[in-house]
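I'd like to walk you through some sheets and some aromatic rings, so let's get the structure up on the screen.

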Amino acid sequence: MKEDNCLHAALICLGMLYCSHAITTEKLNHTRPSLHGHHEKGKEGQVLHRSKRGWVWNQFFVIEEYTGPDPVLVGRLHSDIDSGDGNIKYILSGEGAGIIFVIDDKSGNIHATKTLDREERAQYTLTAQAVDRNTNRPLEPPSEFIVKVQDINDNPPEFLHENYHANVPERSNVGTSVIQVTASDADDPTYGNSAKLVYSILEGQPYFSVEAQTGIIRTALPNMDREAKEEYHVVIQAKDMGGHMGGLSGTTKVTITLTDVNDNPPKFPQSVYQMSVSEAAVPGEEVGRVKAKDPDIGENGLVAYSIIDGDGMDMFEITTDYETQEGVVKLKKVLDFETKKSYSLKVEAANVHIDPKFISNGPFKDTVTVKISVEDADEPPVFLKPSYIFEVQENAASGTVVGKVHAKDPDAANSAIRYSIDRHTDLERYFFINAEDGNIKTIKALDREEIAWHNISVFAVEVHKQHQEAKVPVAIKVVDVNDNAPKFAVAYEAFVCENARSNQQFITISADDKDDSANGPRFIFSLPPEIIHNPNFTLRDNRDNTASVLVRREGFSRQKQDLYLLPIVISDGGVPPMSSTNTLTIRVCGCDSNGSLLSCNAEAYILNAGLSTGALIAILACIVILLVIVVLFVTLKRQKKEPLIVFEEEDVRENIITYDDEGGGEEDTEAFDIATLQNPDGVNGFIPRKDIKPEYQYMPRPGLRPAPNSVDVDDFINTRIQEADNDPTAPPYDSIQIYGYEGRGSVAGSLSSLESATTDSDLDYDYLQNWGPRFKKLADLYGSKDTFDDDS
């Protein structure tokens with residue numbers, strides 16, 4: 001069958017090629033009209049004039065994908081000037097000329113040398129011209145023509161995408177559009193049926209169908225259920241040639257997913273849930289979970305839970321965990337096993353979102369019964385009150401009862417309770433508690449003025465279960481007793497003028513009481529009975545917890561008495577009242593005529609009366625003399641101290657001089673003089689040091705001092721060293737001189753041992769033998785030449 005199809009296609013192609021060639025040849029073999037033109041009659045007898053032209057063209061056609069052994073003839077060019085003698089040459093130029101299309105320059109035949117593909121290029125524009133073969137002079141103006149590539153069905157349809165993905169709601173009606181797939185054919189849609197496509201479904205039936213002309217995929221079955229099957233794979237084919245036999249085809253895959261709709265109500269998998277909770281559980285604690293199953297997904301599967309009935313509605317609550325879609329039952333209030341041992345709840349689960357199109361499938365909710373049993377727990381003791389407040393009077397005797405606390409065991413066993421005080425809250429141990437009955441008593445007297453409130457904590461512990469305990473706060477108020485007498489509010493010190501007038505007020509006093517306000521004001525001020533008729537001062541109670549002190553007489557004198565002490569009695573309003581006597585100190589002061597204070601010092605009058613002008617001048621003179629002495633002392637202190645050694649600071653003998661070059665020998669005027677070591681300043685004596693006191697005077701021995709020009713240098717140096725070492729008062733006169741060589745003009749020449757070994761010298765160094773053992777090495781090196789000659 002396949003070979004028959006191929007043979008059939010080949011015969012069709014050859015037939016089309018033959019027809020094309022015949023039409024092309026017929027259209028091209030026209031002769032050129034005469035140069036004088038040509039007349040044609042119109043349909044109504046009108047004479048039409050045509051412009052002169054050499055060739056009459058139509059489009060050339062060449063079939064694509066031709067694979068014959070010889071180049072295919074596209075057409076022939078011919079000019080009526082051509083007489084066949086070969087003097088005319090045909091030239092072809094333009095797109096593909098010489099590469100794809102070639103022309104016989106004598107006959108004008110055009111051939112295609114390569115296989116053409118219309119999908120790559122549908123037409124070519126060429127230019128033809130006839131020229132004189134010998135001179136290449138154009139015989140005709142150039143003219144363009146078009147070669148069109150004739151299409152064959154050589155391209156299969158291709159879809160825009162290899163795979164498509166589409167969604168459609170579940171339970172959609174038949175014919176609901178899902179997606180449109182589109183294929184394209186590279187063949188010429190204007191020629192034949194090569195690009196005419198027809199769509200068909202190869203896989204996916206009977207669930208889906210496709211429109212043959214548009215490629216739209218539609219549902220083919222009603223009530224497709226996502227919960228039964230969610231995904232479908234459909235294969236669509238596009239075939240050209242209108243779908244007839246021999247056409248080419250292409251396929252694509254379409255994955256279609258059913259999206260969810262809320263078409264399923266929630267459903268509990270069981271009718272009753274059993275739960276339990278301890279009576280020791282605290283409110284908010286989770287008791288258990290229930291879950292209604294809904295096969296829908298997303299918002300269609302959201303379920304909300306609620307308690308709609310039951311005797312535990314007040315004790316429990318339910319919330320929704322939207323991550324797990326569970327109903328969480330939680331404790332709402334504290335439970336008591338001894339009061340009620342079980343509860344029942346009716347819980348409802350309902351969809352949050354309902355689709356009106358499927359409301360007939362409802363109701364979209366379900367109910368379940370939840371039974372909760374309360375478990376007994378070993379509970380700690382419970383005080384009858386959450387806190388206690390007691391009162392006790394201050395200064396009450398030890399053992400006074402403050403109050404009583406009471407706790408009980410809530411369990412059925414009703415264990416005995418023992419009480420104790422948390423000593424961290426009663427560090428001073430003011431109270432103790434009876435362990436059996438909970439009575440709180442004082443241990444020592446309380447003082448309200450020190451601590452007005454005592455806040456302690458009391459423990460209640462089961463006798464047989466020490467780990468079960470409870471704690472309650474106890475506040476104890478210390479009730480005030482009038483045990484403090486009133487006193488001056490501050491330490492008053494009053495002043496009265498010498499020229500004060502009778503009944504003149506000079507100070508107002510007030511009082512303070514440590515007791516509570518009930519045992520304090522109102523204060524009563526008075527003078528003691530023994531001085532009620534005091535001749536100097538009197539007291540007036542202002543009846544506002546203050547009192548004023550007044551002058552009873554005129555004329556006070558500091559010379560006679562400058563200080564008065566006035567006792568004042570202050571009583572409070574407590575029951576029974578308490579009083580105290582407070583002393584007011586009053587000083588007599590000098591004042592001006594306006595009553596302004598000038599001075600309160602009584603000694604000032606005595607000083608002015610007994611001190612003469614001469615005494616004052618003598619005091620000032622003593623002060624001046626003392627200042628002069630201080631100035632002189634400071635001036636002497638600032639004088640510069642003398643140096644410790646009496647010789648000049650610039651004495652070169654204290655310096656260490658270093659030369660970086662060799663000296664000048666006998667010509668060097670700055671060379672060191674050995675006479676310096678003789679201490680010329682100390683020839684006639686020694687220079688004492690001021691910083692130390694010598695224990696004895698050292699006198700140099702005359703016999704040890706050699707002459708300045710002594711030849712015995714060794715003895716001279718040793719003598720000087722010994723004198724310096726034994727003289728504690730001698731300053732350091734040593735000086736160091738460094739010489740690299742003796743310099744020019746020296747009779748000794750260079751002292752270098754390296755140079756001396758290679759230099760012939762006529763100098764005699766025998767005198768070195770007389771310089772002592774310290775110069776023995778030099779004497780051996782620079783001794784008599786005869787000795788060296790004999791040794792050699």
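Let's begin with a question: what is the strand order in the open sheet of three strands, and is its pairing parallel or antiparallel? The order is S4-S7-S6, and the pairing is antiparallel. Before I go on, please keep in mind that this is a predicted model.

At the edges of that sheet you'll find strand S4, residues 72-76, and strand S6, residues 101-103. Each has a single partner strand, so one side of each is left without a neighbour in the sheet. On average, neighbouring strands here are turned by 30 degrees against each other, if you ignore direction. If you zoom in on S4 and strand S7, which covers residues 109-112, you'll see four bridges joining the two. For a landmark, look for Val72, which stands opposite Ala112 in S7.

Now for another sheet. This one is open too, with four strands in the order S27-S34-S33-S30, and its pairing is mixed. Strand S27 (388-393) and strand S30 (417-421) are the edge strands, each pairing on one side only. From one strand to the next, the twist averages 30 degrees. S30 runs antiparallel to strand S33, residues 453-462, and five bridges join them.

Next up, a hairpin. It's formed by S39 and S40, with four residues between them. In the turn, take a look at Arg543, which has a positive phi of about 60 degrees. Strand S39 is residues 537-541, strand S40 is residues 546-551, and the two run antiparallel with five bridges between them. Asp541 has Ala547 as its bridge partner in S40.

On to the rings. How many aromatic pairs does the count come to? The answer is 15. Take Phe208 and Tyr232: their ring centres are 5.6 Å apart and the planes sit at 75 degrees, so this pair is edge-to-face. Phe208 is in strand S15 (residues 208-210) and Tyr232 is in strand S17 (residues 231-239), so the pair ties together parts that are 24 residues apart in sequence. Are these two buried or exposed? Phe208, at 1% relative accessibility, counts as buried, and Tyr232 is buried as well, with a relative accessible area of 6%.

For a stacked pair, go to Phe537 and Phe556, at 5.7 Å centre to centre with 10 degrees between the planes. Phe537 brings us back to strand S39, while Phe556 lies in the loop between S40 and strand S41 (563-571), so this pair ties together parts that are 19 residues apart in sequence. Both Phe537 and Phe556 are buried. They also belong to a cluster, in which ring pairs link Phe506, Phe537, Phe556 and Tyr564.

Elsewhere, Lys444 lies over the face of Tyr430, at 4.9 Å from the ring centre.

Methods
Residues numbered from 1 in each chain as written. Predicted model: local features only at pLDDT ≥ 70, side-chain atom pairs only at ≥ 80, totals over all residues. Heavy atoms only, no water. Pairing = 2+ DSSP bridges. Axes fitted to C-alpha atoms, helices over the stretch in contact; angles between N-to-C directions. Phe/Tyr/Trp six-rings, centres within 6.5 Å; stacked < 30°, edge-to-face > 60°. Buried < 20%, exposed > 50% of the residue type's maximum accessible area, 1.4 Å probe, protein only. Lys NZ or Arg CZ within 6 Å of the ring centre and 35° of its normal.
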